[in-house]
Amino acid sequence: CPEGFYEHDGECFECDKNKCEGCITTSDTCTSCSTGLILHDHKCMPSCPDGTTSINGICEKCSLTCSKCDQNDVTHCTSCTPNYNLYQNNCIDSCPKGTISIDGICEQCSSLCAECSGSPNTCTACPDGQYLFNYECYSSCPPGSIQQENRCIKCDLSCKECQSSVDNCTICSNGYYSFNNRCYSKCSLASDFENNIYYGND
């Protein structure tokens, strides 16, 4: 049969010109499409469905983990299937360090963080030479905290500021009294009962 026709029981029948340019077995089982239409599963349609992309006028399936992909490239993902995250046009099961999954996309952590969680600005690790405190990164530990490796640890509640350990107070919090680098809510708490040494508020 000539182009635009299909054979059935030894006879040639015309393809459905509204749907197909070429067809097989039936008038609307298309093998090629009119200008402006794209072939998908032997049907001619104005655009490819999700999970496919147009390559040379045919809807080809995107890569396995892509739910959508760029035109002309089945491996260039623009969104992912559930449980996968989009990163540099690939779909991966977990985002790499320095990024965070937000709505299925690996977003870069803030430049202030080396790693983050929950949001790009919620740091869980800091760049070299910086210290983590309350999910933020500091070049030096803020007052009321001390450095411990690459983190800042909050001073004991009784200390306004501390040094070398969290309860070695250099300044007491309001309502506390200083004695031997410790801060007490009552001076009597500093008493040494075993040695009969007692203290009161002055």
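A disulfide is a pair of cysteine sulfur atoms within 2.5 Å. The exercises below apply this definition to a predicted model, in which local features need pLDDT of at least 70, side-chain atom pairs count only at pLDDT 80 or more, and totals for chains, interfaces and linings use all residues. Residues are numbered from 1 along each chain as its sequence is written, and side-chain values use heavy atoms, with hydrogens and water left out.

**Exercise 1. Describe the overall form of the protein.**

Step 1. Begin with secondary structure, where helices (H or I, at least four residues) and strands (E, at least two) are DSSP runs numbered from the N terminus. The protein has 24 strands and zero helices.

Step 2. Turn to the dimensions. The C-alpha atoms fill a box of roughly 120 × 30 × 25 Å along the principal axes. The radius of gyration is taken over C-alpha atoms, and the globule rule is 2.2 Å times the number of residues to the power 0.38. A compact globule of 202 residues would have a value near 17 Å, whereas the protein has 35 Å.

Step 3. Consider the contacts (heavy atoms within 4.5 Å). Of those between residues at least 6 apart in sequence, 3% join residues at least 24 apart.

Step 4. Consider burial: buried means under 20% relative accessible area, exposed over 50%, and partly exposed in between (1.4 Å probe, protein chains only). Buried residues account for 29% of the 202 residues.

**Exercise 2. Characterise the disulfide between Cys95 and Cys106.**

Step 1. The S to S distance is 2.1 Å.

Step 2. The torsion about the S-S bond is about -90 degrees, so this disulfide is left-handed.

Step 3. The two cysteines lie eleven residues apart and link distant parts of the chain: Cys95 is in the loop between strand S12 (90-92) and strand S13 (99-102), and Cys106 is in strand S14 (residues 105-108).

Step 4. Cys95 is partly exposed at 21% relative accessibility, while Cys106 is buried at 10%.

**Exercise 3. Characterise the disulfide between Cys48 and Cys59.**

Step 1. The sulfur atoms are 2.2 Å apart.

Step 2. With a torsion of about -95 degrees, the bond between Cys48 and Cys59 is left-handed.

Step 3. Cys48 occupies the loop between strand S6 (43-45) and strand S7 (52-55) and Cys59 belongs to strand S8 (residues 58-61), so the pair ties together parts that are eleven residues apart in sequence.

Step 4. Cys48 is buried, with a relative accessible area of 19%, and Cys59 is buried at 9%.
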